[in-house]
Amino acid sequence: MKKIKIKVPATSANLGSGFDCVGIAFKLYNVFEFEKTENDLSFEGCEEKYANENNLAYKAYRAVCEKIGEKSSVKIKFCDTGVPVSRGLGSSATLICAGAYAANALFGKKLDDSEILEICTEIEGHPDNVAPALFGSLCASVSDGGEIRSVKFPVSKRLFFTALIPDFEVSTSEARAVLPKEIQRSDAIYNMSRVALLPYAFSSGDVELIKSVTKDKIHEQYRKKLFKNVSEVEKICYGCGALTFNISGAGSTCLCISLKDISEELSKNLVGIENGWRALPLKVCENGVQEVKE
Ligand code: HSE
């Protein structure tokens, strides 16, 4: 095999209490093609400023090649980029997972899923987006001295997800810098108890439990200060029947859950709101990264 086309789903990390360790995959994709070349690295369809050795897709491709002792010269084509960039929907995870998956597939699948997950996590910094981008559905992950264990859970079909996407970015480093270095034991227990029941809540679709497990005391309250008019958008979501309202990853997108599709009603209510907030309905992606056969 000389080339491979693959699609990688968008992801939303944290889901409230699951800071840095829980994420969910959605049917909104970035599509890339990787073609082995003789000697050089090249890009097509990628912004000039990202078309270099620091490109995350290439970094992950090269990391896999180095591990299996293969040459990493490649042409990377950005075919379709449906995942908004720098908005908290895992666009960087799509690049990393694409690069790692492609290199492994092009050289005979010498690495297993957990080795690929570890390489992706090392580049991304946390497993919360890369695990569901690789495996699909809702994934909860534990990092144990470099080893990452991730378990995939089903998500109840009762649940409807809508992303609220503004026109501004929130930088992940800034969103991490505003977090306190230390947290109160009571806040740690608040989150730990919730994240323990989070996979069960999402699998069962138990509404009261979902409302409870998506609450958080260790990151969202600090980050909301970086968001423009987020309280207004939150109020609109609850007014349209949302059960939950969370920051997606480090933002700037937010995510709400409901028991029916409220995206159209949300869109109507968001007309005229400052900062261009738009509502995007999202369906859970059960498979994670996949080869696109043509
Ligand atoms: N969990 C990260 C954060 C974002 O909230 O900062 C995704 O890795």
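Start by selecting the ligand and the residues around it: A13, N14, F19, D20, H126, D128, N129, R176, R223, G249 and A250 (each has a heavy atom within 4 Å of the ligand). Before you go on, note that this is a predicted model, where local features need pLDDT of at least 70, side-chain atom pairs count only at pLDDT 80 or more, and totals for chains, interfaces and linings use all residues. Residues are numbered from 1 along each chain as its sequence is written, and side-chain values use heavy atoms, with hydrogens and water left out.

Now colour that shell by type.

Next, zoom in on some polar contacts (pairs of N or O atoms within 3.5 Å). Pick D20: a polar atom of its side chain is 2.6 Å from a ligand nitrogen. Then try R176, where a side-chain N or O atom sits 2.5 Å from a ligand oxygen. For H126, the distance from a side-chain N or O atom to a ligand oxygen is 2.9 Å. How much of the ligand does the protein bury? Of the 260 Å² that the ligand exposes when taken alone, 95% is buried by the protein (areas by the Shrake-Rupley method with a 1.4 Å probe).

Zoom out and colour by domain. Why does the ligand lie between domain 1 and domain 2? Because domain 1 (3-152 + 285-291) and domain 2 (160-282) both give residues to its shell; the bounds come from an automatic or database domain assignment.

Two backbone stops remain. Select L15, in the loop between β1 and β2 (strands are DSSP runs of E, at least two residues, numbered from the N terminus). L15 is not a glycine, yet has a positive phi of about 50°. Last, go to S252, in the loop between β8 (244-247) and β9 (254-258). The peptide bond from G251 to S252 is cis, with omega near 15°. Most residues other than glycine have a negative phi, and most peptide bonds are trans.

Technical notes. A polar contact is a pair of N or O atoms within 3.5 Å; within protein, one must be able to donate a hydrogen and the other to accept it, and residues adjacent in sequence count only if both atoms are side-chain atoms. Helices (H or I, at least four residues) and strands (E, at least two) are DSSP runs, numbered from the N terminus.
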